[in-house]
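This briefing takes up the surroundings of a ligand, an annotated span and a pair of packed helices. Please view the sequence and the structure together while reading.

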Amino acid sequence: MSRPEILMPGRMLKSVNDALDQRFTVHRLYELADREPLLAEVAPRIRAIACGGGGPIIDKALIDRLPALEIVANFGVGYDNVDAKYAATKGIIVTNTPDVLTEEVADTALGLLLNTVREFPQAERYLRAGKWPRGPYPLTTGTLRDRTVGIVGLGRIGKAIARRLQAFDVPVVYHNRSPQPDVSYRYYPDLITMAKEVDTIVSVLPGGAATDKLIGRAVFDALGPRGIVVNIGRGTVVDEAALIEALTEKRILGAGLDVFEKEPQVPEALIALENCVLLPHVGSASLYTRDAMGQRVIDNLTAWDEGKPPLSPVGETPFTGWKTK
Ligand code: NAP
């Protein structure tokens, strides 16, 4: 029997490539300057896509070109790079890689929050620039000791961040569209009301139309001049232009960003600002965690190949059986 054919639009980990090559025929679109001839030739036979954020978008146009497509296995818990709603209308299952990255991303969020509030990167730059012998680094205005953190998007990662903050003795509240049954943190159905009552926001929201620029001028003004905004979710959630304005005019105290609107482009205006800490989307970026995420992609595709239920289908495409052709 011929091996199932898989499309890989963008680069993936070596471990994923090695494992998939053992079982499937993998067509690597990213290796070609002109992708069209290969796509035209293999499109009718493609039954699965292996993909990840940062690669090409898996949109309606691509899905429509692949009549035999049954599964899109995404590397990453966020899957705003895949039109999952459209996939659902075609009986295609989309899978992601939740849980295996939760603790790593929560660790990163705490690091970013501490770095932002206590200015550790700026202090390190001060030392490396040889300025310490001329006097100590200035005392920081920010401290976690007098802060309340409002988590926006208290899901798997948000809860892991909240647990860490509790250990740090920092009060936590949150905003979601609906309250979480398994936590006792105060719930705010309205984001602006929460922003008025806290001084620190940590956003762990997914991307997509529903969250686009949700955190903008109104939120910054509600936080006020002590305000700190940390974004570890998706860059599109924060209105970057409004954030640059708020940081420049010191209408908030600082920001810590792991994600940006148009990655890997980061506005020069943000880079020039001293009151923000910027990371190149490294939330889950350790070998340990990325390998675990890669293994989840492999496991989802293996389950599909064996006719078993996928390990982690996304909400839009609950598993009710594999599409029959
Ligand atoms: P999750 O468990 O699905 O949590 C997302 C939370 O956001 C849910 O509690 C959801 O609650 C809330 N939410 C969704 N849409 C909302 C809206 N429009 N308004 C208010 N709240 C909303 O997902 P997760 O595993 O924690 O991951 C969260 C996101 O983190 C991912 O989607 C990904 O984009 C991002 N992420 C970033 C990195 C990184 O490297 N920086 C790594 C991993 C993940 P309700 O449904 O009740 O609203």
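In the classes used here, Ala, Val, Leu, Ile, Met, Phe, Trp, Tyr, Cys and Pro count as nonpolar, Asp, Glu, Lys and Arg as charged, and the others, Gly among them, as polar. On that basis the shell around the ligand divides into 11 nonpolar, 11 polar and 4 charged residues. The model is predicted, with local features needing pLDDT of at least 70 and side-chain atom pairs counting only at pLDDT 80 or more, while totals for chains, interfaces and linings use all residues. Residues are numbered from 1 along each chain as its sequence is written, and side-chain values use heavy atoms, with hydrogens and water left out.

**Ligand**

- The ligand is surrounded by 26 residues (one heavy atom within 4 Å), of which Ile157, Arg177, Ser178, Ile232 and Asp258 are the closest.
- Among the polar contacts (pairs of N or O atoms within 3.5 Å), an N or O atom in the side chain of Ser178 is 2.9 Å from a ligand oxygen atom, and a polar side-chain atom of His281 lies 3.2 Å from an oxygen atom of the ligand.
- The protein buries 87% of the 920 Å² that the ligand exposes when taken alone (Shrake-Rupley method, 1.4 Å probe).

**Annotated span**

- An unreviewed UniProt entry lists residues 38-314 as "domain: D-isomer specific 2-hydroxyacid dehydrogenase catalytic", an annotation that may be inferred rather than shown by experiment.

**Helix pair**

- Leu114, Asn115 and Arg118 in H5 meet Phe120, Pro121 and Gln122 in H6 (heavy atoms within 4.5 Å; helices are DSSP runs, H or I, of at least four residues, numbered from the N terminus).
- By class, this contact of H5 with H6 has 3 nonpolar, 2 polar and 1 charged residues.

Conventions
Helix = DSSP H or I, 4+ residues; strand = E, 2+ residues; numbered from the N terminus. Polar contact = N/O pair within 3.5 Å; in protein donor to acceptor, adjacent residues only side chain to side chain.
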